[in-house]
Amino acid sequence: MEALRRIGGVEVAIIVADPVTDAQRLATAIGVPRTSADYHEALRDPSINVVHICTPNFLHFPIAKAALEAGKHVVCEKPLATSVKEGRELVDLADKTGLRNCTNHNLRYYPMVQHMRRMREDGDLGEILVAQGTYSQDWLLYDTDWNWRIESNVNGPSRVMADIGSHWCDMVEHVTGQRLTAACADLQTFHPTRKRPKVAVESFAGKSLTPKDYDVVPIDTEDFGAVVFRFGARGRGAFTASQISAGRKNRLSIEIYGNKASVSWDQERPDELWIGNRNTNNQIIVKDPSLLKAAAQSYADYPGGHSEGYDDTFKQVFRRFYRSIDDPGAAPEYPQFSDGLRQLQILDAELQSNREHGWVEILA
């Protein structure tokens with residue numbers, strides 16, 4: 001909601017949450033006029049044009065489907081759904097209705113990520129040979145750490161790979177312009193049981209409870225995953241995704257190696273980009289809109305030396321989404337439901353590979 005207000009021209013009309021007291025508390029704090037515990041109330045309102053779905057994963061599909069059927073444009077958090085079948089149904093429905101649709105893979109929209117992409121498009125990196133990296137966090141390191149994402153009936157069959165591995169895979173395909181074609185994955189649940197709090201806790205905030213506040217429950221979602229993959233005509237790569245890496249808060253690190261030059265970027269240092277060269281000195285460049293590739297400059301709003309971070313990526317996605325609503329003929333400059341389906345297809349291959357202990361082809 002903060003990001004929407006920063007782009008201008010968008011009014012938050014209603015907050016829907018269950019229990020409704022959560023919506024009322026937030027609405028009072030930021031000045032939204034209406035609240036409800038029933039999303040159908042918002043969908044019936046002809047004055048509402050767009051629905052943002054920020055719910056636990058199992059609700060993405062039914063709400064997105066109902067919103068499209070009600071004639072609303074939709075922004076949905078990732079993953080788009082909890083299965084390829086659901087994701088494909090949403091893509092087909094969005095195509096049928098002609099409504100604008102976005103899967104919020106917002107991490108594409110750091111200025112230096114866009115600069116990497118434009119370097120590849122301009123041929124600065126040459127042929128892309130290798131991609132590697134990690135998305136590592138520590139917020140679920142202990143068996144006393146808890147979040148709704150841990151529960152497969154709410155989150156879906158995968159946690160780490162769906163929650164953060166999908167961000168990494170979306171970024172590597174976006175930057176390289178090439179698709180993953182096959183994967184070999186190894187997933188691990190380090191905590192076969194966890195201590196679920198008897199009261200609700202927010203994400204990243206469950207570190208102060210005592211033993212009397214827990215119930216011990218079995219766990220069927222992964223804490224860690226490692227994937228070796230093939231991409232493009234002959235590219236090779238590997239990445240890990242982890243929510244049990246002590247000290248790593250949100251380290252999405254991506255390295256792209258071409259036969260001319262290489263680039264490396266770390267989300268915990270978002271304004272810096274490492275450029276690697278074979279026959280001259282390496283470089284570390286700092287974000288400065290005036291020095292970015294021309295096609296990347298519009299993804300940075302602040303002058304050089306002024307940081308742009310996670311919250312700004314939402315602004316950049318939403319700005320482009322609402323611009324496309326105002327201009328029906330404009331090509332979408334944001335990830336659509338088809339991109340969300342793409343990540344579900346990759347995830348499906350990773351889960352199958354882990355079950356079968358072998359390589360799995362990824363659907364085109």
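Predicted model: local features only at pLDDT ≥ 70, side-chain atom pairs only at ≥ 80, totals over all residues.
Begin by selecting the open sheet of 9 strands, whose order is β15-β14-β13-β12-β6-β11-β10-β7-β16 and whose pairing is mixed. At the edges of this sheet you will find β15 (283-286) and β16 (360-361), each of which has a single partner strand, so one side of each is left without a neighbour in the sheet. Next, pick out strand β13 (residues 261-266) together with strand β14 (residues 272-277), which run antiparallel and are joined by 4 bridges. Within this pair, show Ala-261 and look across to β14, where Asn-277 stands opposite.

**Helices across the sheet**

Then turn to helix α6 (residues 111-121), which lies across β6 (128-136), β12 (251-258), β13, β14 and β15, with an angle of about 30° to β14.

While helix α6 is selected, display the side chain of Arg-118, which has its place in this helix. Is Arg-118 buried or exposed? Its relative accessibility is 11%, and Arg-118 therefore counts as buried, since the cut-off for buried is under 20% relative accessible area. If you leave aside residues up to four places away in sequence, Arg-118 touches Lys-293, Ala-295, Ala-296 and Tyr-299.

Glu-121 is also found in helix α6, and it is partly exposed, with a relative accessible area of 39%. Select Gly-177 together with Glu-121, and you will see two residues that are 56 residues apart in sequence but 8.2 Å apart in space, taken from C-alpha to C-alpha.

**Where α8 meets α10**

The axes of α8 and α10 come within 10 Å and cross at roughly 115°, and the crossing is right-handed. On the α8 side, the contact is made by Met-161, Ala-162, Ser-166, Cys-169, Asp-170 and Glu-173, while α10 contributes Arg-342, Gln-343, Ile-346, Leu-347 and Glu-350. Sorted by class, the residues of this contact are 5 nonpolar, 2 polar and 4 charged.

**Where α4 meets α5**

For the next stop, select helix α4 (residues 60-69) and helix α5 (residues 84-97), whose axes come within 10 Å and cross at roughly 10°. That angle makes α4 roughly parallel to α5, and α4 passes α5 in a left-handed crossing. To see the contact itself, show Phe-61, Ala-64, Lys-65, Leu-68 and Glu-69 in α4, which meet Glu-86, Glu-89, Leu-90, Leu-93, Ala-94 and Thr-97 in α5. The residues of this contact divide into 6 nonpolar, 1 polar and 4 charged.

**The surroundings of α4**

Stay with α4, which is mostly covered, as 7 of its 10 residues are buried. Finish the tour at Gly-71, which follows α4 and has a positive phi, near 85°.

How values were computed
Residues numbered from 1 in each chain as written. Heavy atoms only, no water. Axes fitted to C-alpha atoms, helices over the stretch in contact; angles between N-to-C directions. Helix = DSSP H or I, 4+ residues; strand = E, 2+ residues; numbered from the N terminus. Parallel < 35°, antiparallel > 145°, perpendicular 65-115°, else oblique. Left-handed = near helix turned anticlockwise from the far one by under 90°. Contact = heavy atoms within 4.5 Å. Nonpolar A, V, L, I, M, F, W, Y, C, P; charged D, E, K, R; others polar. Pairing = 2+ DSSP bridges. Buried < 20%, exposed > 50% of the residue type's maximum accessible area, 1.4 Å probe, protein only.
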